[in-house]
Amino acid sequence: MVDQGRPAEEEHYESVPWSALTTAARQPPWLVYVIAGAVVALVVGMVAARSRPAAAPAATVTTLLTVLETTVPMSEADLQADGGDVSRAAAMRAEWFVTDYFTVDGLAGRVSDLSSALGREAPAPPGIISYVEWARAWDVERVAGDEYRVNVAIRLLTDAGEGFARGSVQAVAVRVQVSPDGGTTVLDIPEPLELPDPPPVISPDPEPIPDAVAVAAIERASAFGEPGEIIEGHRRNDTWLITIPITDPTGTPWPLLVTVDRD
């Protein structure tokens, strides 16, 4: 029952200016700024599109299409300026072709693969079994335009009917054409070359090895396996060159070179 003698409690309302509310609404907490910054770093285009009016996504798509339409493949000069990519592409194709050319294993498809690389019929293989142990390009020369001459050293494992024999290292040259986008094709079959003459080497005489150098050499040799007794050593400039047999995990001892600074 309401006491008619007591005045009713008055309700009080706080008055908050609208400017304060709108100002607070425009100030997101610090966490929002952090998240927004991460999103901007990952997907700039999406953030930009969402922060613009409704017409902004269409404008963004138009901009991307314009960039794609104006993009052209890199020229040969651009590739050469960018770390010699053209030379590397030519060297890769020459090593690839030489490996296929000197591999004769009786499998079908060898001639067709070579013919596809050459763009014409490849010579028939000899009546032997042959594998390329390794092939390495050591020089690439630009002949003219997009044509390159690649010098490749190779070693073959050949079985002419009496078991496999490892041949001596030989050299061939292969002419390769490289397109502006990095595509390659072989222009001719391998051409025989002479390997470059090695520089003269003077064999130094062995020298007595100081104990500290011997200890350091054995410690460094243990990185490969179990070191044995030092065979010999000599100095070259300010470095000791120590020959020491090191047994690998298979139990095979390999004579290897360990270097130790003279100091």
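This is a predicted model: local features need pLDDT of at least 70, side-chain atom pairs count only at pLDDT 80 or more; totals for chains, interfaces and linings use all residues.
Is D85 buried, partly exposed or exposed? With a relative accessibility of 26%, D85 counts as partly exposed, because buried residues are those under 20% and exposed ones those over 50%.

The protein has 263 residues, of which 22% are buried. Its secondary structure comes to eight helices and 10 strands. Among the contacts between residues at least 6 apart in sequence, 47% join residues that are at least 24 apart.

The buried residues of α6 are V86, A89, A90, A91, R93, A94, F97, V98 and Y101. D85, with which this account opened, forms a salt bridge with R88, and the closest N and O atoms of the two lie 2.1 Å apart. R88 and D85 are three residues apart in helix α6, so about one helical turn separates them. In general, an α-helix has 3.6 residues a turn, so residues three or four places apart point the same way.

In soluble globular proteins, nonpolar side chains tend to be buried together. Here the largest nonpolar core has 24 residues, and those that touch the most other members are F97, V98, V150, V152, V174, V176 and V178. At least two residues of this core are supplied by each of α6, α7 (110-118), β1, β2 and β4. The largest share, eight residues, comes from α6. Leaving aside neighbours within four places in sequence, V176 is in contact with residues including A90, R93 and A94, with D146, E147, Y148 and V150, and with T184, T185 and L187. Apart from this core lies another, of nine residues, among them W240, I246, V258 and V260.

The charged pairs come next. Another joins E133 and R155, whose closest N and O atoms are 3.4 Å apart. This pair links distant parts of the chain, since E133 lies in strand β1 (residues 129-144) and R155 in strand β2 (residues 147-159), 22 residues apart. E133 is partly exposed, with a relative accessible area of 32%, and R155 is also partly exposed, at 22%. A further salt bridge brings together the side chains of R175 and E147, at 3.1 Å from N to O. Here too distant parts of the chain are linked: R175 is in strand β4 (residues 170-178) and E147 in strand β2, 28 residues apart. R175 is partly exposed, with a relative accessible area of 25%. Salt bridges that share partners also join E133, R155 and R166 into one network.

Strand β2 also contains R149. Is R149 buried or exposed? With a relative accessible area of 16%, R149 is buried, because that value falls under the 20% limit. The side chains of R149 and E191 are joined by a polar contact of 3.1 Å. Beyond its neighbours within four places in sequence, R149 is in contact with D139, V140, E141 and V143, with A173, V174 and R175, and with E191 and L193.

The account now turns to helix α8, which spans residues 211-221 and has V213, A214, A217 and A221 as buried residues. These four cover an arc of only 100° around the axis, which puts them on the same side of α8. The face turned away from that buried side carries the exposed residues D211, A212 and E219. What covers the buried residues of α8 includes β7 (226-227), β9 (239-247) and β10 (253-261).

N237 is found in the loop between β8 (232-236) and β9. Although N237 is not a glycine, it has a positive phi of about 60°. N237 is exposed, with a relative accessible area of 68%.

Methods. Residues are numbered from 1 along each chain as its sequence is written. Side-chain values use heavy atoms; hydrogens and water are left out. Buried means under 20% relative accessible area, exposed over 50%, partly exposed in between (1.4 Å probe, protein chains only). The arc is that of the directions from the helix axis to the C-beta atoms. Contact means heavy atoms within 4.5 Å. A salt bridge is a side-chain nitrogen of Lys or Arg within 4 Å of a carboxyl oxygen of Asp or Glu. A nonpolar core is a set of buried Ala, Val, Leu, Ile, Met, Phe, Trp, Tyr and Cys residues joined through side-chain atoms within 4.5 Å. A polar contact is a pair of N or O atoms within 3.5 Å; within protein, one must be able to donate a hydrogen and the other to accept it, and residues adjacent in sequence count only if both atoms are side-chain atoms.
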